[in-house]
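Student: Hi! Could you walk me through this model before I start working with it?
Tutor: Happy to, let's have a look together.

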Amino acid sequence: QVQLVESGGGLVQPGGSLRLSCAASGIIFSISRMGWYRQAPGKQRDLVATIINGGGTNYADSVKGRFTISRDNAKNTVVLQMNSLKPEDTAVYYCNVIEQLRGEYWGQGTQVTVSS
């Protein structure tokens, strides 16, 4: 059974930084893509950033230049470094993993609150 364990959320002031981490266990086949999505109250879940097996990345326009996604293939972990945080970044952040041949998985979510 695949499990995604997220960590690193919390409360930070505008302009601050947070680092989210997600570790996947129970993976059998290769992970084709890892990423982060977020959902603010009353809004849909939106893509934040993804990274594919070859290292290519994709970012939402709203986070380009501020967030950086990286992965450790050997440990099946993905990290989202978030800098210059803004109040509009406040949301529950979800880790997402796509495993070849088996499917897509979601973490339980971690709250990020940007407020003074």
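Student: Let's start with D61: buried or exposed?
Tutor: D61 counts as exposed, because its relative accessibility is 64%. Here buried means under 20% relative accessible area, exposed over 50%, and partly exposed in between, with a 1.4 Å probe and protein chains only.

Student: Before we go on, what should I know about the model and the numbering?
Tutor: This is a predicted model, in which local features need pLDDT of at least 70 and side-chain atom pairs count only at pLDDT 80 or more, while totals for chains, interfaces and linings use all residues. Residues are numbered from 1 along each chain as its sequence is written, and side-chain values use heavy atoms, with hydrogens and water left out.

Student: Thanks. Where does D61 lie?
Tutor: In the loop between β6 (57-59) and β7. Strands are DSSP runs (E, at least two residues), numbered from the N terminus.

Student: And which side chain does the side chain of D61 make a polar contact with?
Tutor: With that of K64, at 3.1 Å. A polar contact is a pair of N or O atoms within 3.5 Å; within protein, one must be able to donate a hydrogen and the other to accept it, and residues adjacent in sequence count only if both atoms are side-chain atoms.

Student: New topic: the open sheet. What is the strand order?
Tutor: The order is β1-β3-β8-β7, with antiparallel pairing throughout these 4 strands. Two strands pair if DSSP finds at least two bridges between them.

Student: Which strands stand at the edges?
Tutor: β1 (3-7) and β7 do; each has a single partner strand, so one side of each is left without a neighbour in the sheet. On average, neighbouring strands of this sheet are turned by 15° against each other, direction ignored. The axes behind that angle are lines fitted to C-alpha atoms, and angles in general run from 0 to 180 degrees between N-to-C directions.

Student: How many bridges does β8 share with β3?
Tutor: 6 bridges, in the antiparallel sense, with β3 covering residues 18-25. One of the bridge pairs is S21 with V79 in β8.

Student: And how does β7 pair with β8?
Tutor: Strand β7 (residues 67-72) is antiparallel to β8, again over 6 bridges. D72 has T77 as its bridge partner, and R71 stands opposite V78.

Student: What links β7 to β8?
Tutor: They form a hairpin with 4 residues between the strands. N76 sits in that loop, and its phi is near 55°, a positive value in a residue other than glycine.

Student: What is the phi of L101?
Tutor: About 75°, which is positive although L101 is not a glycine. L101 is in the loop between β9 and β10 and is exposed, with a relative accessible area of 76%.

Student: How many disulfides does a search of the whole structure find?
Tutor: It finds 1, formed by C22 and C95 with their sulfur atoms 2.1 Å apart. The criterion is a pair of cysteine sulfur atoms within 2.5 Å. The pair links distant parts of the chain, since C22 is in strand β3 and C95 in strand β9 (residues 91-99), 73 residues apart.

Student: Why is the disulfide left-handed?
Tutor: Because the torsion about the S-S bond of C22 and C95 is about -80°. C22 is buried, at 0% relative accessibility, and C95 is also buried, at 0%.

Student: Which residues touch the most other members of the largest nonpolar core?
Tutor: W36, L80, M82 and Y93, in a core of 30 residues. Such a core is a set of buried Ala, Val, Leu, Ile, Met, Phe, Trp, Tyr and Cys residues joined through side-chain atoms within 4.5 Å.
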